[in-house]
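These are my notebook entries on one protein chain. I record below what I looked up, entry by entry.

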Amino acid sequence: MMYEFENPSQEQLFDYLKKAKTIAVVGISNKTDRSSYLIAQGLQKNGYKIIPVNPLLEGQELLGEKVYASIKDVPIHIDIVDVFRRSEFLADVARDFVDTNADVFWAQLGLQSKEAEQILRAAGKNDIVMNRCIKIEYAYSGLGKK
């Protein structure tokens, strides 16, 4: 049987987005046509502080923000860690996540990992979203309509 992550309720997803102020984007690309860049840019335009995370771009600037190698290097509190890494790398990001005080682990559309879920839950980190696009959820949340 294939693994299928069970996401929190739609209301809970909207609540994560409503409470969040800072979103780390793991695996962000410096290519402006990539979805990781475009989604981060869109979230930033909607008032979120974006923290780019990509070890290959460490020390550079993306979207006016310093790029970090790992979420463990980010010196401020992260509300949501939005992950744009292939599913086989989600467990690695989950291991880093449990070493931070970040609140929500969010893997983008098409990404899910049973191992990552097990790592997170074993550490008591139960605010997990997988296989959902944060930009789409934001659009559905109504948060942008003020």
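Which residues does Trp106 touch, not counting residues up to four places away in sequence? I worked from a predicted model. In it, I found that Trp106 touches Leu13, Leu17, Ile80, Val81, Asp82, Val83, Val129, Arg132, Cys133, Ile134 and Glu137.

**Entry 1: the cores.** I next looked up the largest nonpolar core, which has 26 residues. Trp106 is among the residues with the most contacts inside this core, together with Leu17, Ile23, Tyr48, Ile80 and Ile134. The elements that give two or more residues to the core are H1, E1, H2, strand E6 (104-107) and H5. Its largest share, 4 residues, comes from H2. Apart from this core lies another, of 25 residues, and I noted Ile78, Leu111, Ala116 and Ile128 among them.

**Entry 2: helix H2.** I then examined H2, which covers residues 35-45. Ser36, Tyr37, Ile39, Ala40, Gly42 and Leu43 are buried in this helix. I recalled that an α-helix has 3.6 residues a turn, so residues three or four places apart point the same way. The buried residues of H2 pack against strands E1 (22-26), E2 (49-53), E3 (61-62) and E5 (80-83), and also against H5. Just after H2, I found Gly47 with a positive phi of about 100 degrees.

**Entry 3: Asn7.** Is Asn7 buried or exposed? I found its place in the segment before helix H1 (10-19). Asn7 counts as buried because its relative accessible area is 19%, and buried means under 20%. The side chain of Asn7 reaches the backbone oxygen of Met130 at 2.7 Å. Leaving out residues up to four places away in sequence, Asn7 touches Ile128, Val129, Met130 and Arg132.

**Entry 4: Tyr140.** I turned to Tyr140, which lies in helix H5 (residues 134-141). Tyr140 has a relative accessible area of 62%, so I recorded this residue as exposed, the cut-off being over 50%. Tyr140 forms a nonpolar patch on the surface with Leu109 and Ile136. Together the three have about 350 Å² of accessible area.

**Entry 5: Glu65.** Last, I looked up Glu65, in strand E4 (residues 65-66). Which residues does Glu65 touch, not counting those up to four places away in sequence? I listed Gln44, Lys49, Ile50, Pro52 and Gln60. Glu65 and Ile50 are 15 residues apart in sequence, and their C-alpha atoms are 7.2 Å apart in space.

Notes: Residues are numbered from 1 along each chain as its sequence is written. This is a predicted model: local features need pLDDT of at least 70, side-chain atom pairs count only at pLDDT 80 or more; totals for chains, interfaces and linings use all residues. Side-chain values use heavy atoms; hydrogens and water are left out. Contact means heavy atoms within 4.5 Å. Patches are made of residues with over 30% relative accessible area and no salt bridge: like charges are joined within 9 Å, nonpolar side chains (Val, Leu, Ile, Met, Phe, Trp, Tyr) within 5 Å. Accessible areas come from the Shrake-Rupley method with a 1.4 Å probe; for residues, only the protein chains shown count as cover. A salt bridge is a side-chain nitrogen of Lys or Arg within 4 Å of a carboxyl oxygen of Asp or Glu. Buried means under 20% relative accessible area, exposed over 50%, partly exposed in between (1.4 Å probe, protein chains only). A polar contact is a pair of N or O atoms within 3.5 Å; within protein, one must be able to donate a hydrogen and the other to accept it, and residues adjacent in sequence count only if both atoms are side-chain atoms. A nonpolar core is a set of buried Ala, Val, Leu, Ile, Met, Phe, Trp, Tyr and Cys residues joined through side-chain atoms within 4.5 Å.
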